[in-house]
Amino acid sequence: MANSHHSLSLLLLFLLFLSTPTHQHQSVAAEQQQQQQDEEESDNPITRFRNYLRINTAHPNPDYSSAVSYLLSEANLLGLHSQILHFTPSKSKPLLLLSWPGSDPSLPSILLNSHLDSVPAEPSKWAHPPFSAAKSPDGRIFARGAQDDKCIGIQYLEAIRNLKSKNFWPIRTVHLSYVPDEEIGGFDGAAKFTASEEFRTLNVGFLLDEGQANPGEEFRVFYADRCPWNLVIRAQGMPGHGSRMYDNSAMENLMKSVEMITRFRDSQFDIVKAGKAANSEVVSVNPVYLKAGIPSPTGFVMNMQPSEAEAGFDVRLPPTADPDILRKKISEEWAPAVRNMTYEVIEKGPSRDYLGRPLMTLTNDSNPWWPVFNKAIAAVGGKLAKPEILPSTTDARYIRQLGIPALGFSPMTNTPILLHDHNEV
Ligand SMILES: [Zn+2]
């Protein structure tokens, strides 16, 4: 395994080299301008990155075909093998799979994943149009998708370009997947891809996927995502005149539950506030809607207590939380049948792998890929922050579900966290 680890080290090394921060100041304006002009006219990693950013793959109408064509043309120049896979009948959501065959293809391969799509942008709130990839004099590139996650999509290719120019040939096969729809759950993208025969034949042993930037000096790495649940609780009760006091009205029962859920939320948040856990290491429960009342032409009927009331919550579970215990809490305390309550939990993704284990990648030496990853960081003089759980979700969860180790890693240090924000740079 030593040699193949070496190949990953090198690849990571180059990923890191390519991720040097863009915030640099130069003293001579003219020189700067000339440099910028030269750079814009030549074909280099920055121009290729900007070309990719100019393709609008934001929802709700991502231009997947242009993005795939562009990446495919770059892959062809690098001599990579390519396939375009479709998992929808309309073939409107292509998945680009590139391969760099290793000298020993019988070994488990390395998969470098990124998603083609991005969240929408509100142009009026940006300093530059979000799909212009405008570059400021201090080197910042403004574009939706710059951090999340076209930077890694391009870095993978640039790393391969550099390795190839040094006549490096990996022992393990390296695959690159460019998947659609991550930002809307990945159901027609990574979910179907990882369940496919095509994926099985790749024999993936390790995955790198997206992570997040760090305003500080250290590289961040993510070993798990949180699992999102949509929780809806509903209360039913006797309707009655607004003047009456009686037990078990729908609103009373719902409000009791809201109080209990609020106390649970506080208990989790207190752990974070006390510095005992990161935000992503606790169960978050946030109310997102309340629905009750009898509409009237001017608002709501005020002298009537409604017979139904409902509330919705965004719940996020770290892999260390037991989903069965939370379900029990919901059915016994938050929405108990004895108070005429019902509930619905929609799990927006897996919370356990195929063997029933929590969805997380080990960050100790029992995972053979972990020391390799660490070594690569050290080799470029980088420092690694304490491994983290991502507060939200990525496509890596579908890979972890198969028991395959996966790390989220977007090598950006000294960079503000701007994913999904205005003026993403
Ligand atoms: Zn992303």
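Asp-149 sits in helix 5, which covers residues 146–165. Helices here are DSSP runs of H or I with at least four residues, strands are runs of E with at least two, and both are numbered from the N terminus. This is a predicted model, in which local features need pLDDT of at least 70, side-chain atom pairs count only at pLDDT 80 or more, and totals for chains, interfaces and linings use all residues. Residues are numbered from 1 along each chain as its sequence is written.

Back to helix 5, then. The peptide bond leading from Asp-148 to Asp-149 is cis, with omega near -10°, and Asp-148 is found in helix 5 too. Another cis peptide bond links His-59 and Pro-60, this time with omega at about 15°. Pro-60 lies in the loop between helix 3 (45–53) and helix 4 (64–77). As background, most residues other than glycine have a negative phi, and most peptide bonds are trans.

Asp-148 turns up again in the annotations. UniProt lists a "binding site" (unreviewed entry) at His-115, Asp-148 and Glu-210. Though spread over 96 residues of sequence, these cluster in space, with a largest C-alpha distance of 8.6 Å. His-115 belongs to strand 3 (residues 109–115). A "binding site" (unreviewed entry) is also listed by UniProt for Asp-148, Glu-183 and His-420. That set spans 273 residues of sequence but clusters in space as well, the largest C-alpha distance being 10.1 Å. A word on reading such records: UniProt positions are given in the numbering used here, feature names are shortened, and annotations may be inferred rather than shown by experiment.

Now for the overall layout. The domain assignment gives domain 1 (2–221 + 363–408) and domain 2 (227–347); such bounds come from an automatic or database domain assignment. Taken over C-alpha atoms, the centres of domain 1 and domain 2 are 39 Å apart. Where the two touch, 5 residues of domain 1 are in contact with 6 residues of domain 2, contact meaning that the C-beta atoms, placed from the backbone, lie within 7 Å. UniProt also places "domain: Peptidase M20 dimerisation" (unreviewed entry) at residues 232–333. Over residues 232–333 the chain is 34% helix and 31% strand, and the end C-alpha atoms are 14 Å apart.

What order do the 4 strands of the open sheet follow? The order is 11-15-9-16, with antiparallel pairing. Strand 11 (284–292) and strand 16 (341–347) stand at the edges with a single partner strand each, so one side of each has no neighbour in the sheet. From one strand to the next, the twist averages 20°. Strands count as paired if DSSP finds at least two bridges between them. Strand 9 (residues 227–236) is joined to strand 16 by 7 bridges, running antiparallel, and Val-232 stands opposite Glu-344 in strand 16. Strand 9 also pairs with strand 15 in the antiparallel sense, over 10 bridges. There, Leu-231 stands opposite Phe-313 in strand 15. In general, strands of a sheet pair through backbone hydrogen bonds, either parallel or antiparallel.

Helices pack on this sheet too. Helix 8 (residues 250–273) touches strand 9, strand 11, strand 15 (308–317) and strand 16, and its direction makes about 15° with that of strand 15. Helix 9 (residues 323–334) touches strand 9, strand 15 and strand 16, and its direction makes about 155° with that of strand 16. For these angles, axes are lines fitted to C-alpha atoms, for helices over the stretch in contact, and values run from 0 to 180 degrees between N-to-C directions.

Finally, a look at confidence. The protein averages a pLDDT of 92, and 92% of the residues score at least 70; pLDDT is the predictor's confidence in each residue, from 0 to 100. Over residues 18–24, pLDDT stays under 50, and the model has 19 contacts beyond four places in sequence for that stretch.
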